Amino acid sequence: MSDFDASLMQDFLTESTELIEQLDADLVKLESIDEDGQGELLNASFRALHTIKGAASFLGLDNVINFAHVAEDALNRLRKGEISVNTEVMDALLQSADVVRKQIDELSSGLEAQEAPQELVDQLHAIIKNQPANAQAEEAVATQAETTGEKQEADDQGLPGSPLQLPPQKQDLLEFMVADMQDYANQMEEVVGQFGNDATCEEAATSLAEIADNLSKTAEFFELDSLNGAIKLLIQITSTIGDAPREVVDEMAIRIRGIKWMLDEQSIWLEQGRALDWKLETITERVATLCKHETLADDITGAHENNPVQVLLLDGVMSAPADPAPETCATQNEEATLSDATTASPAAETSATPETAQDDDSEDKPAANKVAPAKQVAAEQTIRVEVGRLESLLNLVGQLVLNKNRVLAQTRMLEELNLEQEKLESFNAAAGELDRLMGELQVSVMKTRMQPLAKLFDRYPRVIRDLARQTGKQIDLQLVGKETEVDKTVLENLSDPLVHILRNSADHGVEDPEVRKAAGKNPKGTIKLEANHQGSHVRVAIIDDGKGLDREVIGNKAIEKGLTTPDQLEKLDDSDVFRFIFEAGFSTAAVVSDLSGRGVGMDVVRTNISKLNGTINIVSTKGKGTTIEILIPLTVAIMPAMIVGVGKHLYSIPLQSIEEIVRPEEGEVSTIQGQRVMRLRDTVLPLTDMRKRLNETGDEEGGKFAVVVSVGGQRAGLCVDRLVGQQEIVIKPLDDSYTQGGPFSGATIREDGKVSLILDVVQLIRQSPQALEKRAA
Amino acid sequence: MSDQLNEFTGESVNNQADKDLLQLVSFVVGAEEYAIPILAVQEINRMMDITRVPQSPAFVEGVINLRGKVIPVVDLRKRFGMAIHENTGDERIIVVEVQGESEARVIGFTVDKVNRVLRIGSDIVEPAPNMASGADSEYVLGVGKLDEGLLILLSLDKLFSQRELELAATAAGNDTTAQAA
């Protein structure tokens with residue numbers, strides 16, 4: 001494969017992977033949506049598949065093309081409403097998406113894409129051959145799978161204009177003719193600028209006349225009255241504009257641009273199989289006036305402010321937009337304004353952009369809202385960046401933060417020297433500025449690593465759907481807050497745990513429809529996947545309305561496994577008992593259901609979550625359902641921390657887990673069953689002597705401060721000797737087997753170059769004497 | 001024997017003449033002179049601040065900041081079960097790369113003194129004597145008979161292997177007592 005191919009291939013793979021994911025999500029959504037909404041989804045699915053096929057054919061990937069073609073045909077039957085959405089069809093289509101995904105995977109690992117399984121191909125052929133439910137649908141239409149401009153009766157509402165009526169033999173040419181029309185429109189745009197100059201005006205008129213002539217031939221193909229009418233106007237203008245007076249030329253020019261805009265709109269919609277209708281009476285009248293070289297009424301002249309959309313509105317070609325309040329924005333050029341309304345992306349090809357700016361005045365208003373394609377929602381302007389580059393950027397920022405800390409430390413030292421006040425101040429100011437800028441840089445870089453949880457969440461409807469099909473349950477998966485953003489690492493580590501929990505909820509939580517009915521519940525179970533930010537943490541909750549966890553069964557199982565004793569068990573509260581399901585080898589299958597093999601992996605949940613410094617909390621009511629709540633810090637690379645001294649050493653405690661810091665007075669500390677506790681307002685806080693915990697020696701009385709930490713509802717007071725201060729720390733892994741085992745989540749480098757360890761609050765709380773006592777077998 | 005010593009010759013063996021030559025760095029721990037292949041050594045540093053890591057194996061002195069990377073440092077005296085001695089100023093931290101179970105690890109270890117870089121013929125190296133049996137002596141690859149005395153050739157992979165860690169933990173008494181507290 002040549003280099004040229006390789007880079008194209010990479011683009012193809014990236015794009016197709018995204019398209020397939022979208023396709024998957026859309027297909028699953030299709031099943032649960034009523035018929036009115038299906039049209040748009042079907043179109044989107046079709047486009048995704050079609051794009052993949054197009055790109056694949058460019059690269060000569062025959063196996064992909066052939067299969068995508070068949071799948072596309074099947075999808076097309078659905079799209080045209082010839083068959084209706086049902087589980088069998090959807091199964092086949094979803095499997096098709098899987099096959100294409102597999103082919104893409106094969107290609108990205110450097111293999112050839114395999115042929116699709118014949119069985120599935122046959123199944124798809126069966127769907128294609130299946131006699132149309134709608135008897136009127138012609139066989140000929142069914143075979144024209146690739147033509148994008150077909151009529152879609154299903155989704156007439158919400159789209160502008162009327163379906164394009166074309167005889168079948170013309171269908172094939174549609175795409176070509178639309179491209180042709182766009183070409184001419186673009187040429188018009190070049191020429192129209194020349195009208196501004198008297199010297200070039202005549203010449204421009206001649207070339208425009210040529211273009212208009214060609215256009216009229218193309219337009220005839222579509223058999224559209226509006227389009228033909230508009231082009232007739234154009235011809236009319238070009239025949240007289242050459243020797244028209246200046247004021248008239250200006251009015252004419254803007255109308256030419258208006259017509260050009262109409263052509264653009266029409267071509268976009270023709271590709272979608274829609275023909276737009278315009279009211280041409282007023283504009284015809286005005287053009288006729290202009291052609292007699294007479295000026296228009298004063299209130300019309302110039303009222304368009306050189307905006308072609310505005311002129312079309314004035315001339316009544318299209319109805320006023322929803323928000324008619326024009327807001328003059330002199331600096332913004334038309335390209336930006338109009339592309340906002342039509343293509344939404346400034347980076348879009350110019351052919352789709354109605355006007356290039358000839359002048360800088362324009363109206364900043366969503367004039368084209370009504371006619372602009374609804375589905376072209378604002379696409380973010382993005383560039384792709386290799387992850388490796390982001391990683392190295394983050395590393396650099398990490399180093400910079402350390403250096404900044406050093407500079408700040410030097411600043412403090414300078415203050416102790418007897419320097420001139422002025423010099424000191426200017427140095428301080430510079431250091432302060434550096435601190436502030438570093439903070440901003442850090443936030444910006446961290447943001448580049450943030451990704452919406454939708455990347456994960458959007459995969460799950462498929463998982464749940466398949467599971468529901470397998471088990472014969474009815475499950476409705478609700479996704480809330482999938483736009484919540486988290487760090488890339490967090491996202492990756494959340495993926496497996498969430499699948500495990502969801503599977504568990506669907507499999508063991510939600511009951512069979514009959515059972516649910518008998519219990520007076522809706523036969524359709526609901527699983528809600530909810531995400532939101534809580535301070536510097538992100539909270540992900542999986543809520544089902546199933547049968548809930550059974551304390552007794554889990555407790556007995558835990559005793560059986562030797563994880564606890566009956567006495568101990570009695571003292572544990574519900575959420576502690578439920579936590580046993582995360583123990584390795586604790587088969588939930590045996591506990592709550594007859595289905596086997598599904599309980600595996602809940603310990604993966606716990607491992608992954610604690611790797612992220614997160615916590616899990618389970619709340620469950622028997623018969624009502626279970627809520628599993630995961631709390632994870634937003635980011636994992638740089639964080640603010642409190643530096644504390646224990647004995648001779650300094651340690652860092654992540655600020656995000658610190659609630660407050662108190663100084664326990666003599667009277668407040670007492671001992672309960674050998675455990676030191678302190679009264680903190682109306683609660684009892686277990687205290688951990690950090691000196692003992694970290695094997696520090698020291699003679700003088702220590703542990704003066706209690707750092708109150710809390711993670712996921714559990715709290716503890718860590719008694720430390722000194723408080724040094726708050727600082728941004730860069731987390732370095734402490735992953736060598738020699739240094740694992742202690743209650744540390746990593747290390748950080750201090751401004752003097754020494755290493756200081758980061759305390760793992762989760763582990764400290766879990767292993768706090770109280771918890772250890774609770775857990776002791 | 002020669003198989004065993006391949007580790008020592010490493011990539012330096014390019015021509016016939018060099019074939020039997022081992023290029024080593026030698027250092028002193030306690031009374032003995034030890035040697036490791038020069039190619040395994042990343043750098044040799046003066047003593048620096050070592051941050052203690054509570055609840056790690058006893059012979060792990062702590063961690064250091066090696067230009068932004070945090071690496072563990074092993075005290076070879078403790079590793080060999082020798083008495084701790086007063087600082088002399090000659091101590092060095094030798095940073096080496098060893099093959100871990102899944103990936104390469106970078107580890108530092110403290111020695112009393114770094115002696116010299118030397119080349120010796122593999123013919124003067126004898127296999128480790130069996131008398132020093134017991135699992136803990138597995139890391140001795142061989143003994144070089146030099147004119148001025150014996151040189152103990154160490155296998156870094158064995159010295160810092162995971163298995164050794166466990167053995168040493170039981171032998172030296174891991175200070176995990178606090179973990180149970």
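The model is a predicted one, so everything here is computed from predicted coordinates.

Start with where the two chains meet. On the chain B side, 29 residues are in contact with 27 residues of chain A. Put together, the two chains bury about 2300 Å² between them, and 55% of that sits on carbon and sulfur atoms. Within chain B, the residues that lose the most area to chain A are B:Arg52, B:Gln55 and B:Val70, which together make up 25% of what that side buries.

As for charges, the rule picks out two salt bridges across the interface of chain B and chain A. One of the pairs in the model is B:Asp49 with A:Lys754, where the closest N and O atoms are 3.7 Å apart. That distance of 3.7 Å passes because the salt-bridge cut-off is 4 Å. Polar contacts between chain B and chain A come to five residue pairs, with both residues at pLDDT 80 or more.

E4(B) gives the most, with four residues. Sorted by class, the side of chain B that touches chain A has 17 nonpolar residues, eight polar ones and four charged ones.

Now for the strands of chain A. Six of them make an open sheet with mixed pairing, in the order E12-E16-E17-E15-E14-E13. Its edges are strand E12 (658-662) and strand E13 (669-672) of chain A, each of which pairs on one side only. From one strand to the next, the twist averages 35 degrees. Inside this sheet, strand E14 (residues 675-680) and strand E15 (residues 683-689) of chain A run antiparallel and are joined by four bridges. A:Val677 has A:Pro686 in E15(A) as its bridge partner.

Elsewhere in chain A, strand E6 (residues 525-534) pairs with strand E4 (residues 475-480) in the parallel sense, over six bridges. E6(A) also pairs with strand E7 (residues 537-544) of chain A, this time in the antiparallel sense and over eight bridges.

Note on methods: Residues numbered from 1 in each chain as written. Chains lettered and ligands numbered in written order. Predicted model: local features only at pLDDT ≥ 70, side-chain atom pairs only at ≥ 80, totals over all residues. Heavy atoms only, no water. Contact = heavy atoms within 4.5 Å. Buried area = accessible area lost by both parts, 1.4 Å probe. Salt bridge = Lys/Arg side-chain N within 4 Å of Asp/Glu carboxyl O. Polar contact = N/O pair within 3.5 Å; in protein donor to acceptor, adjacent residues only side chain to side chain. Helix = DSSP H or I, 4+ residues; strand = E, 2+ residues; numbered from the N terminus. Nonpolar A, V, L, I, M, F, W, Y, C, P; charged D, E, K, R; others polar. Pairing = 2+ DSSP bridges. Axes fitted to C-alpha atoms, helices over the stretch in contact; angles between N-to-C directions.
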